[in-house]
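Please look at the sequence and the structure before reading on.

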Amino acid sequence: MLADLALEVRHRAFEMPVIEAVTGRDFAAAQTVLEALSQDPEGPAAEARIAALVGCPRPLAALLGSKLRGAAPPVRRVVLETMTRRYYRVRSLEPLVPVDLCGREVLATHYDFDGVRRALFVAAVPLGDVAEMARCVLASVRRLPAGALAVVDLYVTADGPLPAHEELAERLQAALADLDLPPALHRIVVAVADPAGGRTDASVDVCTFRPQPGGGLAEDEVLRGMHPMMAYRLDLWRLSAFALDRLPSPVDVHLFHGVARANPKDERLFALAEVRDLTPVRDDGGRVVALPELERALVQAFEAMRHYQGHRPPSRRLQWNRVLLHIWPEIDLPPEDLARVTRRLAPQALGLGLETTLVRGRLRERPGEPARDRVLRVHAPGGSGLVLEVDDPPEYPLAPLDEGARRIVAARRRGLLHPAEIVKLLTPAPSGDGAAPGQPRGSFEELDLDGDGALVAVDRPPAANDAGIVVGLIRNVTDRHPEGMLRVALLGDPTKALGSLAEPECRRIVAALDLAERLGVPLEWFALSAGARIAMDSGTENMDWVAVVLRRIIEFTQRGHELNVVVCGINVGAQPYWNAEATMLMHTRGILVMTPDSAMVLTGKQALDFSGGVSAADNLGIGGYERVMGPNGQAQCWAPDVAAACRVLLAHYEHTYVAPGERFPRRAATRDPLDRDVRTAPHAAPGSDLQTVGDALTDAGNPGRKKGFEIRAVMRAVCDRDHEPLERWSGMRDAEGVIAWEAHLGGHPVALLGIQSHPLPRHGPLPADGPDRWTAGTLFPKSSKKLARAINAASGRLPVVVLANLAGFDGSPESLREWQLEFGAEIGRAVVNFDGPIVFCVVSRYHGGAFVVFSQALNAQLEASALEGTFASVIGGAPAAAVVFAREVKQAALEDPRIAELDARLAEAEGAERARLRAERDELWPAVHNEHLGAFAARFEAVHCVERAVEVGSVSRILPAAGLRPYLVDAVERGMTRTLTREEEAGHGRTRLVEPIPH
């Protein structure tokens with residue numbers, strides 16, 4: 001409600017004054033031309049003035065109509081011609097010729113439509129003479145040859161203020177009731193103008209009467225208030241299946257409330273408008289940045305809809321609404337320019353329930369080609385991410401909503417998406433015909449259970465599913481996967497008791513898991529469920545079926561299969577447990593994506609409150625991403641809406657999808673040089689003076705690696721610049737010390753893990769028995785958990801690359817209380833069990849327990865390396881000197897000449913002199929001791945250096961910072977080759993279906 005109000009205030013305060021100023025300018029110009037034409041209706045300039053009025057981009061029916069009352073015949077004649085040519089601009093009218101009918105002047109002409117030559121008679125008459133004038137014109141119509149058609153337009157000035165349309169229509173129909181209608185008569189149009197004139201269409205009412213099969217005339221109610229030619233231009237005939245009620249709207253916008261005649265529950269809004277000027281505004285580079293008239297029409301249509309919707313409760317606001325624009329001038333702009341404008345205006349359509357916006361006109365699609373009648377369809381699948389399609393104009397009336405569309409609308413009214421809409425988001429049309437930029441086109445094949453309980457393809461309209469869950473096969477076609485990335489999909493249906501679960505749903509879920517395992521492809525689950533079905537006729541058997549699914553998920557994930565979950569709304573009870581088994585445990589591989597409106601709760605807020613349990617302000621406070629599931633790391637990715645969640649899921653597959661029968665994801669093409677020097681990449685971190693990655697990773701910029709640096713900058717410098725990485729667990733609180741990316745390295749998809757190398761602030765209350773900040777290169781419990789979880793998720797699919805600055809595990813009481821030992825052990829377990837290559841590169845320090853859990857002794861596929869100037873040892877030099885070699889350091893300090901000389905003098909001194917010397921020694925001792933600590937630490941690190949680690953086999957090689965990226969690419973490729981060779985030799989190897997892409 002507040003958003004609606006803010007948009008309306010902005011429209012009235014900022015947009016309307018600009019629109020009114022332009023409108024006023026155009027009307028003033030039209031009035032000037034009309035006055036000149038009235039003063040000299042037969043002069044040499046008359047034709048040019050008529051043309052100027054015909055081309056005016058504002059509605060002039062009221063202004064022209066006001067000139068008819070009491071006008072002299074020459075003036076009446078040119079005004080009638082102007083009005084006629086404006087209405088019939090989409091027809092090629094022959095010259096309008098004055099003819100005398102019953103002593104009255106009538107303009108007559110002809111035009112062709114659908115291969116038939118039609119006669120047009122136009123006259124201006126007082127309201128009381130409509131019947132008599134019609135009778136005279138019909139006498140002339142009767143003389144037309146057989147097969148001809150005739151239309152009659154009568155322009156009337158009312159005697160007083162315009163009555164309501166129903167009253168006016170009844171009055172006119174009564175006046176025309178006794179006419180003898182000739183067979184050639186196609187219609188009679190009576191346009192009645194308010195004598196006071198005005199600018200708006202409300203100052204002119206139009207009634208269209210058509211002959212009926214049983215005799216007599218009846219009003220064409222679809223055209224109420226509109227001239228048939230205007231209705232034709234706006235394709236109003238396509239709304240013939242709806243009873244239309246005209247609603248208040250701005251000038252040039254026709255807003256209708258439509259109710260389907262065959263389905264009264266199908267209510268929609270239709271906003272129709274004409275755009276008479278398409279002059280673009282361009283920037284200095286010539287790019288179109290605005291189309292003022294098109295924008296004006298769209299904004300006014302949106303505001304008219306918003307005003308109507310604002311008077312309805314949010315749960316009853318109309319959905320599936322449409323805006324239809326007709327462009328007068330030829331569209332000599334690329335469709336992308338029109339799409340850019342509509343995308344910029346898209347936020348103003350929020351909350352309006354728009355299904356689509358249609359823009360019709362004569363479009364020149366390519367330079368040098370003739371313009372042709374085309375329709376640009378702009379819509380947002382799933383309510384997000386505008387898509388533009390160019391198509392031929394539709395040739396059939398708009399059909400009322402079928403049962404499937406009704407379900408889609410019902411889901412939208414709840415603020416949710418039906419599976420049919422999610423499928424459209426996942427499987428867009430080819431990019432040239434409507435896909436969102438960068439999103440691969442796709443296809444969906446719906447499956448359902450046959451009589452034997454097997455999943456088979458079904459051919460039925462979208463949203464016609466019987467059960468509360470939809471099953472299907474999805475393919476997205478990419479350059480790497482021209483055959484399509486195949487997955488099995490499950491989608492919860494909010495219109496089926498909010499996706500509640502019983503035997504029909506559980507049988508389909510188990511069958512989908514069986515199919516995904518048999519095909520060797522991921523299963524993706526768009527989860528929305530109110531939990532096990534609660535009904536008077538079913539109970540604990542539903543819980544048993546939930547348990548059957550739970551068991552099958554556990555078996556599926558323990559066998560190494562991938563199950564990805566997108567939480568699309570409320571997930572209650574059984575569904576969150578399933579999500580956890582699929583994505584949250586240490587051995588699972590799938591991702592879990594949440595949106596701001598989604599939640600996973602075991603018991604809903606109302607049930608918790610009723611039972612006396614502890615709840616929160618809403619379900620989001622119990623199990624939403626922002627407050628619970630993101631910070632605790634159970635949800636791995638966040639997306640602003642379901643459409644963005646689909647893009648996250650597809651981005652995940654871009655990094656991780658392994659085609660059936662293959663061992664690793666296919667290599668992607670990359671334009672990023674494999675031997676690129678990472679040292680020139682930018683580095684930025686708060687409070688850091690390191691400007692480049694080279695400053696951070698070399699002795700010249702960071703001697704002794706004592707300055708903290710941002711590991712994300714190093715990760716960004718290492719991975720391919722033309723493949724955007726995807727971060728998992730980005731919101732996990734207290735785990736910020738580990739960054740987990742899915743990325744590309746030399747075209748190869750990898751899991752890229754970085755250990756943060758500068759201190760990080762803590763959030764919330766600080767415990768007395770723990771650190772006050774997360775220190776650089778230290779693994780704390782949650783970061784240990786994230787690291788182990790990320791390694792497990794990549795096992796069997798992706799190579800893992802670790803950029804390590806690891807000084808060890810934090811051993812504070814808090815960390816041990818928070819399961820540091822268990823999560824640290826999980827890292828070692830993950831490394832030992834990892835299936836595939838691990839490339840571990842030390843970029844700063846490598847000490848302590850971290851050395852153990854990433855030792856080359858744990859896994860033959862782990863290759864450890866280090867940059868020049870880094871450190872690798874059991875313990876760092878400083879702690880070694882202070883703890884392990886404390887006695888030796890103390891002895892060296894005692895033997896220091898400065899201390900030894902003072903000790904000798906102390907031994908001989910007495911009294912005050914002894915006290916003075918003692919004070920002098922106490923002051924000198926810390927400095928001397930620290931000097932020897934530092935010296936011993938330096939000696940220790942000189943011995944236990946990274947070079948020694950290479951000599952004893954703990955580290956495989958040392959490399960310069962300039963060679964970091966080429967080394968990592970080479971190490972990944974060598975590791976993949978070793979893995980494939982080993983599996984081939986074992987007799988269970990899988991090979992690629994395509995050769996690696998050359999560079």
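Pro-419, Ala-420, Glu-421, Ile-422, Val-423, Leu-425 and Leu-426 are the buried residues of helix H11, where buried means under 20% relative accessible area with a 1.4 Å probe and protein chains only. H11 is thus listed as mostly covered, with 7 of its 8 residues buried. Helices (H or I, at least four residues) and strands (E, at least two) are DSSP runs numbered from the N terminus.

The model is predicted: local features need pLDDT of at least 70, side-chain atom pairs count only at pLDDT 80 or more, and totals for chains, interfaces and linings use all residues. Residues are numbered from 1 along each chain as its sequence is written, and side-chain values use heavy atoms, with hydrogens and water left out.

**The pocket**

H11 also supplies 5 residues, the largest share, to the lining of the second largest pocket. A pocket is an open set of points on a 1 Å grid over the protein atoms alone, where a 1.4 Å probe fits, with protein on both sides within 12 Å along at least five of seven lines; lining residues have an atom within 4 Å of a point. The volume of the second largest pocket is about 1000 Å³, a volume being the space filled by probe spheres set on the points, which are joined across faces, edges and corners. It has 44 lining residues, and the closest to its centre are Trp-320, Glu-355, Ile-408, Lys-424 and Pro-462. Strands S14, S15 and S17 and helices H10 and H11 each give at least two residues to the lining.

**Strand S17**

S17 covers residues 442-449. Two strands pair if DSSP finds at least two bridges between them. The table gives the pairings of S17.

| Partner of S17 | Sense | Bridges |
|---|---|---|
| S19 (residues 469-476) | antiparallel | 6 bridges |
| S18 (residues 455-457) | antiparallel | 3 bridges |

Glu-446 stands opposite Gly-472 in S19, and Leu-447 stands opposite Ala-457 in S18. The hairpin of S17 and S18 has 5 residues between the strands, and Gly-453 there takes a positive phi near 85°.

**The chain**

The chain has 30 helices and 37 strands. Its radius of gyration, 39 Å, is well over the 30 Å of the globule rule for 999 residues, so the chain is more spread out than a compact globule. This radius is taken over C-alpha atoms, and the rule is 2.2 Å times the number of residues to the power 0.38. Of the 999 residues, 55% count as buried.

Terms used:
Buried < 20%, exposed > 50% of the residue type's maximum accessible area, 1.4 Å probe, protein only.
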